[in-house]
Every structure is written in structure tokens, then in C-alpha cells.
Amino acid sequence: MERAALLLAFMASLFSWGDGDDPPTELATATAAQIRAEASRSSSDPDGAPLPLASHWNGKPPDGVVPADLVALVEAGHHVLPAFKIDIPNLDRDAYFRKPLERARELGLPISLVSTQWEAKLLEPRFRSLPKDETPCLVDRLGNVKPQLSPVGPIEHWHRVGQEWTGSMLLARLQTWYPDPPFVLFVSNNEAPTAALGADRRPAGSNAGFRARYARLLDGMRQGLDRSWRTKARFIGYNIQPAPEFLGRWSRWRVHARYQDGQPMNRWTGVWDGGSAPFYTHDWSKITDHTVWSPQVQAMNWVPFLERETYRRDPDWWHEISVWDGDKNWTKKNESKRAYYRSRGQVYTAERYRGMVQFGMWLTRPRLVREFRHYSETARDQSDYFRAVLESVDRVHEDPTLRRFWRKGKLVSHPTRRHPYQVQIPPPYRDWPRWYLLETDQDPQRPWKLETRLPVYAIARVLGKAPEREWLLYTHSPLDEARQASVAVPGFGVAEVRATISGTFHLLSETQRTVTAIAPGATR
């Protein structure tokens, strides 16, 4: 009954946008202040990492998670960065933009503007029909213009397209309705087709060529904004990662990553302001949430490259994760991941999703967790899954132990094991720690294959110095509601814990030799 009541309360807060005429409550004002402080904080703040926020990709009206819903969630006390879709034609601009924007301004909220890939405009007929030496599209060896972007075409078209995006009538109105935002995050889907998909047909200098062109695109977008927005705007793209999540998984990973010797893994620092890295169980591959081929294992590749490359090159880099469970009920082209699990006798629930999402959060400490759902899916159909994201984020803000470990806790690497993805690792990175999964008595016998099941995932963050250290241990068991496990925590020893499907936190004390479960706090 308690869970049903909480769900009903959540649904009411999520889908009951009022007229917005009442003054903000004390809760709404305090929550907005927290969101504003964390969104504006540097990723490398010496006082600790920014606390996470939540948001969404699907803002299509009337049934998606629209801006009014997200502002209402803030007023209900949830730590959400409101997202507005700026690429949907024929919107009721007053209802979709103006009303929630004015409420956001009243609260002093930062906002995000989500859209398709900005550079896709360069593939429109007006650019493809230009003379071959003037088009920004790929021209093949036979002189045919292809629907792919070129790293060697004229560069000024990119700048022009950037100015078109932010110099539009829509953006002019948004800046009028909210002229003084504390922070604006522009988010691109960043999936326009580009040339050089394989090493055998890669144009010379393709990485440098695209870096220069995307820099001009983003410079054009900045110039298209009013000065008050320009100084507060950040630009990030989907699938821009600290390192390829598939680094070392198979022999052609370097080709797919377009990795070139001597370049950093994240070649986009200095161009983009950040990236939304996919933490997905894709429907089109055999990746799952309970095997060596999982988002949990893959995302370990990001950790050292965030710390040793990305943040050193750009201390303000915005690292967020996009999360998705692979549910795909809008088409029969590919099998939904939930159907895949059902065919193997498994049940996939929002609690299982929560366990995976929290692992990704505590592994990489993202600025934001952005849930993906297809634009045709309704918010109500997926509300308990987005609820899992919201509550996982809120818990970091509300629990003092979790909050201090998020701020300054250092991720514990495994002292003797290596990451199972070891194919063709470039020499500079071969000795970097990439393995953070702690040893448990539930681990399968080695050697592991991609399809090897992992009954328990365990990671830890540590604070303090010996002999007064503390560890925050996180465990989750994707296929079991609860499973007892003995976890070997470097520096502490063996901790006997109960791993659950939704994820469990334990506080370990070196001085007291105690292992204490951290109970979930009250939810709004």
C-alpha cells in the first residue's frame, strides 16, 4: 500500500501542472537554489564534485515529459534540470515554452535546450546542390555528393548553420521570456552521418578536420545568442565520451572510435563543453545488465580518462550520462530488451533499472542523468522508470552520507585484476587502472567471456586516510531480489552485505570495523 500511495503521489506531481500563478513555495525556492548551485559549480570544484541532477530526452507534447512537468517536479522538491525541445515544429509556444519558462525565471532555475543534431542542416538540399568544391558534404572519388558530412569541405557553412539555430525567431522569444538565466545547457543529439567510418577510407586528418568544423558550428551558435545568454551557455553532444565505452572489447574498436595514435581518447575537449555518454542496454546488441558485456563494465573505461585526460584539459567539462533500458515498443524492427529478458525467463522492472542506473552514477559521478525514451512513448507509460532516476538523484542530495561521498569520495580500483577488455590497448594507457569491480564470493570462475554472468556488481568510494578511512560500498544483483555476498574491499577486508536488485549502500568504518546498511530515505 505504501508503494502504491507513493506512486500515486508521484504521478500527481508529475502530471498535474497547474496555472503557475501561485507564488513559489519554500520547498520550490530551496530546491531551485540547490539546482542552480550545482549546475553552476565547476566539475573540478576543490570543495567537491557537483551533486547530480536529473532530466529527460523526450519532451514532445502532449504525452512526453514536457517542460511544464519538469518544472512541476522541481516545485515538488525533485532535483531536475528542466528540458525544452527546440526542434519540434508547430508547437503551442505559450503553453510549451512561455509559461514554464516564466515559472523557471521566477524560481531562478537553470534550463536545458534539447534538439536534433545541429549540423544536420548541412545535409539539406541547399547545401548538397552546391558546386562540388563548395559543398560541406562528402564528395566521393566518382564526384558524387553523398549525404554525409565532410571533414575537408568549406568550413564557413558550419558557422552559418550555427548562427541559424540560435538566431532563430524561437530563440529570440525564449531569450525575451527568460532574459537572465543562471545557466543554459544546449544539448545536441549529435548523430548526423559523417564521413570516415572506416580506416580504409578515412580522409587524411579527419579528426582535426571535424574538430575545426564543429568548433565553427558552436562558435556560430554562441554568436547567435544575446550577450546575457552567451555568457551562460554550454554546448554538449550525445555520445561524446571520455573514452569509447567499448575500448578494448574487440579488434576493430579503434576504427569505430576513430582513434589515432598520439591523440587523446576524448578529442573533443576545447571544442564541445561536454558530452552525454550512453549508459544503455541497447536493443540491437547482446549487451545486458548482468554480464561482462554490460554498461556497468563498459563505463569503467571512462573513469581514468575523465580524471587523467578530460578534466585536466577542461576542468569544467560537463560529463552526463544518458540512461536507457533498451525498451523499444514503438517498432518491431528490433527486439525490445525487455522482451529479450522475458524470452530467457527473466523479469525486468523499474527496480532492476534503478540498480543499473545507480551503478553508473556512483562509478562516474555524472553532472546529470538524462533518461531516453522514444518521442512516441508516453510519460505515464514509463513513469515508474523515470521515478527510479529521480529518486536515485534525489537520494544523493538528501542523504548526508551519500552527499559527502559523492563530493569527495575516491573510487577504489581493483589492485590486482585488469579490465576484461584488453584488445589492442594503446601503449600509453596499458597500465592505467580501468577495473573497479570488487571481488565477491559470487564471482564466476575465470577466465570470463562477454556473455559470462555477474551475479553481483560491487564498487566502493573511500574517504580519509588510514587508520581512519571510511568506504561507501554499493552493490546490486540484477537477477536476484536479494543475495548475500562477501565483498573484498581493498584496505578494509571482507564485508558481508546483502546485495539487492535495486542497489544497496553500506558504510564501512576502519576504526570501528563495522559494516552498516544505509536505509533509503523518505521519498517525496
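I began with strand S8 and found seven bridges joining S8 to strand S9 (residues 318-324), the two running parallel. Strands count as paired if DSSP finds at least two bridges between them; helices (H or I, at least four residues) and strands (E, at least two) are DSSP runs numbered from the N terminus. The model is predicted, so local features need pLDDT of at least 70 and side-chain atom pairs pLDDT 80 or more, while totals for chains, interfaces and linings use all residues. Residues are numbered from 1 along each chain as its sequence is written, and side-chain values use heavy atoms, without hydrogens and water.

I noted Ser322 in S9 as the bridge partner of Pro278. On strand S7 (residues 233-238), I found parallel pairing with S8 over three bridges, with Tyr238 opposite Ser276.

I then looked up burial (buried is under 20% relative accessible area, exposed over 50%, partly exposed in between; 1.4 Å probe, protein chains only). Seven of the seven residues of S8 (residues 274-280) are buried, so the strand is largely enclosed by the rest of the structure. In helix H15, 14 of the 16 residues are buried.

Next I listed salt bridges (a side-chain nitrogen of Lys or Arg within 4 Å of a carboxyl oxygen of Asp or Glu), and the count is 31. Arg216 meets Glu156 at 2.9 Å, N to O. Arg216 is in helix H8 (residues 206-223) and Glu156 in helix H6 (residues 156-166), so the pair ties together parts 60 residues apart in sequence.

I also checked Glu371 and Arg373, whose closest N and O atoms are 3.1 Å apart in a salt bridge. Salt bridges with shared partners join Asp325, Asp327, Arg338, Glu371 and Arg373 into one network.
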